[in-house]
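Here are my notes on this one, jotted down while going through it. Have the structure open as you read.

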Amino acid sequence: MSERLVEVEVLRYNPETDSEPHFQRYSVSCEEEWVVLDALNHVKETIDPTLSYRWSCHMAVCGSCGMMINGEPKLACKAFLRNYEGVIRVEPLAHFPIERDLVTVIDDFVSKLARVKPYLIPKEDKPLSAGEYRQTPAQLKKYKQYTLCINCMLCYSACPEYGLIPKYIGPAALSLAHRYNADSRDGGREERAQEVAATEGVWDCSFVGACSEVCPEHVDPASAIQQEKIANMVDWYKEHLMPGGAK
Amino acid sequence: MSRKPYVREMPRFAWVFRHPRYLRYMTRELSCLFIGAYTLLLVAGIGRLAEGPAAYEAFLEALKSPLSIAFHVLALGFAIYHSITWFNLTPKALPVQIGEEFAPDWVITGAHHVIWVLLSLGILSLAGAF
C-alpha cells in the first residue's frame with residue numbers, strides 16, 4: 001500500500017478568538033484509498049485536536065461532511081485524495097455562516113425544510129382497518145429519485161441564487177416538496193404551495209442547474225423545481241382564466 | 001461559550017468565474033440581450049416599412065453595413081447557443097413517463113431539436129430563401 005504526502009489547507013475560524021477565518025496548512029501522510037475526511041481525521045487525531053468538522057457515516061449516507069473542496073461542494077467522505085493534485089483547499093460549505101472551522105450554521109436550511117412539509121399528507125384519512133395506501137411501481141418511480149436526498153446541502157452551496165437571495169427556499173427543500181407532491185398517496189400539494197409557489201419558492205430559481213450537477217446521490221433538484229414551476233403555472237391559469245376559478 | 005457565526009459575503013459578480021458551469025449559465029442568460037436587440041431591430045424595420053418604400057429600402061441598405069452584418073452573426077450565434085442549451089434542458093422540465101419507465105433524455109431533447117429545425121426550414125421557405 002503506497003503512501004504519499006498531501007498538503008491540505010483548511011479554513012479555520014475560532015469564534016472565541018478570531019475576527020475572521022484564515023487558512024492553516026497541514027502535511028498529511030496519506031494512503032492510496034484515503035478520502036479528504038480520512039485526512040481531516042488524521043489531522044485531528046495526530047496533529048491538531050482543535051480542528052472542528054461534522055461527519056458521521058463515512059459512506060455518503062448521512063450527509064454530514066459536506067464541504068468545499070478546491071472550491072467545489074463535495075462530501076469529504078466521497079472525495080478521494082488521489083483525484084487531487086497539489087495543495088487541497090478545504091473550506092466550509094459556501095453560502096452558510098461558519099460556526100467554527102468547517103462547521104456551518106444550518107438553521108436556515110432546517111427551518112426551510114420544515115416549512116415545505118416534507119412528509120405524506122394523506123388525501124383522506126383511512127382507519128387502520130382499511131389497510132395500507134397502495135401504489136403501483138410506476139407511481140413509485142415517478143418520485144423515487146427524490147427520496148434519495150440526504151440533506152447534505154451541497155446543492156445550496158452550488159446554487160448562486162441561494163447565495164444571492166438568502167430567502168430562497170433552495171434546491172433540496174423544494175425537491176423534497178416535489179417528492180411528496182408527486183406521490184400518488186399525497187394530498188398536501190395545496191398546503192405546500194404557500195411556500196413552493198411563492199417568489200422565494202420555485203420562482204427564485206433561474207435554472208442554473210448546478211444543484212443537480214453537484215448532488216452526490218444523483219438526485220435532480222433542478223428537474224423537480226422546473227416541474228413544480230409548470231404545475232404551479234397551470235394552477236395559476238386555471239384559477240385566473242377558467243370560469244369559476246376552478247383548481 | 002458565546003456563538004459568533006462568521007458570514008462570508010458572496011461576491012456580486014465574481015461567482016460567475018468560480019466554475020465553468022456558471023459561465024455557461026451566464027452566457028445563456030446574456031444571450032437574451034442579443035435576441036432582444038434583434039427583436040427591436042425587427043420592430044424598427046416594421047416602422048420603416050410603414051413609412052413607405054423609400055424608408056424601407058434605406059433600412060435594408062443599412063442592414064448591409066459591416067457593423068450590421070457583425071451584429072447579425074453575433075445575434076445568430078447567441079440565438080443558436082441559447083436554443084441548443086435550452087432544448088438540452090427540456091428533459092428536466094418535461095420528463096415523459098411511459099408505463100413505468102421514463103423516456104430517455106435524448107428522445108425529448110431530440111424531438112425539440114427536430115421540431116426546431118423543421119419550423120426554421122418552414123419559415124425560411126416561406127421567406128423565399130430556397
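Predicted model: local features only at pLDDT ≥ 70, side-chain atom pairs only at ≥ 80, totals over all residues.

1. Residues are numbered from 1 along each chain as its sequence is written, while chains are lettered from A and ligands numbered from 1 in the order in which they are written.

2. V36(A), L37(A), A39(A), L40(A) and V43(A) are buried (20 or more other C-beta atoms within 10 Å of the residue's own; exposed is 12 or fewer, partly exposed is in between, and C-beta atoms are placed from the backbone). Down the axis of α1(A), the buried residues fall within an arc of 160° (taken from the directions from the helix axis to the C-beta atoms), so they line one face of the helix. E45(A) and T46(A), on the other side, are exposed.

3. What do the buried residues of α1(A) pack against? The partners are β1, β2, β3 and β5 of chain A (contact means C-beta atoms, placed from the backbone, within 7 Å).

4. Between the chains, 29 residues of chain A are in contact with 19 residues of chain B. On the chain A side, α9(A) gives the most, with five residues; β6, α3, α5 and α8 of chain A each supply at least two.

Notes: Helix = DSSP H or I, 4+ residues; strand = E, 2+ residues; numbered from the N terminus. Contact = placed C-beta atoms within 7 Å.
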